[in-house]
Amino acid sequence: MEVQILKKLYYQMLRIRKIEEKIAELYPEQEMRCPIHLCIGQEAVAVGVCQALTQGDYAMSGHRAHGHYLAKGGDLRKMMAELYGKGTGCSKGKGGSMHLIDLSVGFLGSTPIVGSTIPIGVGAALGTQMKKESRVTTVFFGEAATEEGVFHESINFAVLKKLPVIFICENNLYSVYSPLEVRQPENREVFELVCGYGIESHKADGNDVVAVFTLAQKAIQKAREGKGPSFLEFTTYRWREHCGPNFDNDLGYRTPEEFEIWKKKCPLENFRKKLLNENSITEEELNQMAKLIDDEVEGSVQFAKQSPFPEESALYENVYA
Ligand SMILES: Cc1ncc(C[n+]2csc(CCOP(=O)(O)OP(=O)(O)O)c2C)c(N)n1
């Protein structure tokens, strides 16, 4: 793989990690008043998939959307402003962390109702197919969304119509505090279950950004050629609590040992070592990247804090019900 792409993959992952760590650091100030679901530990899925998309392609997500929004080309300053509820935010300050949207980069939106963007993504793909556009739609969701009826209806319809849509399942093992064991029969893999619908389905290491990119690239190419949808399951792990900036390994629903095992599988750290070992990147370049990102993050926080709240007169604008 080209060194430029490898560097880009690392840069994008580091950017998401640093932004989210900054959010975690600032959240206790209580100036961001929306709930936040951090994707620290899961950066490789967002980056690997979005690197294989073009700007004209579409992406949708759910409550854990920061990484997907940014990897798809969303504007960091607008995202930060959104978290602070400001009028300069990507959803004009009315959405918060779980309602990010930027049509200019094909990010059609994210919503917190689990599984709810899956049929919307399928609808978007149907629209592009009818208009004979070459766009591909990707929908990101957690493994708990596959337990919603709408997921099954959506897959069936996408297969039936051969839609250019890729279902991206980030399997981080938990639905809030419920592990897979209490939700699914033993040894029943999601990616195998969906094969019954006749969809091409694969599972890969979601902490290996190159594996994600490679698999996504193939599925996207296939969809673009009109050969139908794919389901991709990526195993990964969220480091922080389900909702909020803290760590929750003391709650008892997952063990500190398990957390340590997954920390050793850090998608950034392992990729950084690999790039250094194969001389694809130098320490100096890594330092430059870190500096560039730190400056960008700092600028975005200042922008968000200094931006005004939406005007009262805007209360009913962009509201549909
Ligand atoms: C329809 C619906 N049911 C329940 C919830 C409450 N809820 C919010 S997040 C979540 C767990 C989601 O787990 P998963 O989809 O695997 O994503 P993760 O949080 O692990 O990234 C639940 C049950 C919800 N938001 N929507």
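This report describes the pockets, the cysteines and the salt bridges of a predicted model.

## Basis of the description

The model is predicted, and local features need pLDDT of at least 70, side-chain atom pairs count only at pLDDT 80 or more, and totals for chains, interfaces and linings use all residues. Residues are numbered from 1 along each chain as its sequence is written, while side-chain values use heavy atoms, with hydrogens and water left out.

A pocket here is an open set of points on a 1 Å grid over the protein atoms alone, where a 1.4 Å probe fits and protein lies on both sides within 12 Å along at least five of seven lines; its lining residues have an atom within 4 Å of a point. Grid points are joined across faces, edges and corners, and a volume is the space filled by probe spheres set on the points. The largest pocket has a volume of about 460 Å³, and of its 17 lining residues Ser91, His99, Ile101, Asn318 and Tyr320 lie nearest the centre. Its lining divides into seven nonpolar, seven polar and three charged residues, where Ala, Val, Leu, Ile, Met, Phe, Trp, Tyr, Cys and Pro count as nonpolar, Asp, Glu, Lys and Arg as charged, and the others, Gly among them, as polar.

The second largest pocket holds about 370 Å³ of space and is lined by 27 residues, with His63, Arg64, Val114, Phe141 and Gly142 nearest its centre. The elements that give two or more residues to this lining are α5 (117-130), β3 (137-142) and β5 (174-175), named from DSSP runs numbered from the N terminus, with helices (H or I) of at least four residues and strands (E) of at least two. Strand β3 supplies the largest share, three residues, and the lining as a whole consists of ten nonpolar, 13 polar and four charged residues.

## Cysteines without disulfides

The structure holds zero disulfides, a disulfide being a pair of cysteine sulfur atoms within 2.5 Å. The sulfur of Cys34 is too far for a bond because the closest cysteine sulfur, in Cys243, is 9.1 Å away, and for Cys195 the closest one, in Cys169, is 13 Å away. Cys34 is buried, with a relative accessible area of 12%, whereas Cys195 is partly exposed at 40%; buried means under 20% relative accessible area, exposed over 50%, and partly exposed in between, with a 1.4 Å probe and protein chains only.

## Salt bridges across the chain

A search of the whole structure finds 19 salt bridges, each a side-chain nitrogen of Lys or Arg within 4 Å of a carboxyl oxygen of Asp or Glu. One of them joins Asp294 and Lys18 at 3.0 Å, N to O, and this pair links helix α11 with helix α1 (residues 3-26), 276 residues apart. Asp294 is partly exposed at 38% relative accessible area, and Lys18 is partly exposed at 22%.

Lys305 forms a salt bridge with Glu31, the closest N and O atoms being 3.7 Å apart; Lys305 lies in helix α11 and Glu31 in the loop between α1 and α2 (43-51), so the pair ties together parts that are 274 residues apart in sequence. Another bridge joins Arg183 and Glu147 at 3.0 Å, N to O, where Arg183 is in the loop between β6 (178-179) and α7 (190-193) and Glu147 in the loop between β3 and α6 (149-160), 36 residues apart. Arg183 counts as buried at 19% relative accessibility, while Glu147 is partly exposed at 33%. Salt bridges that share partners also join Lys22, Glu25 and Glu298 into one network.
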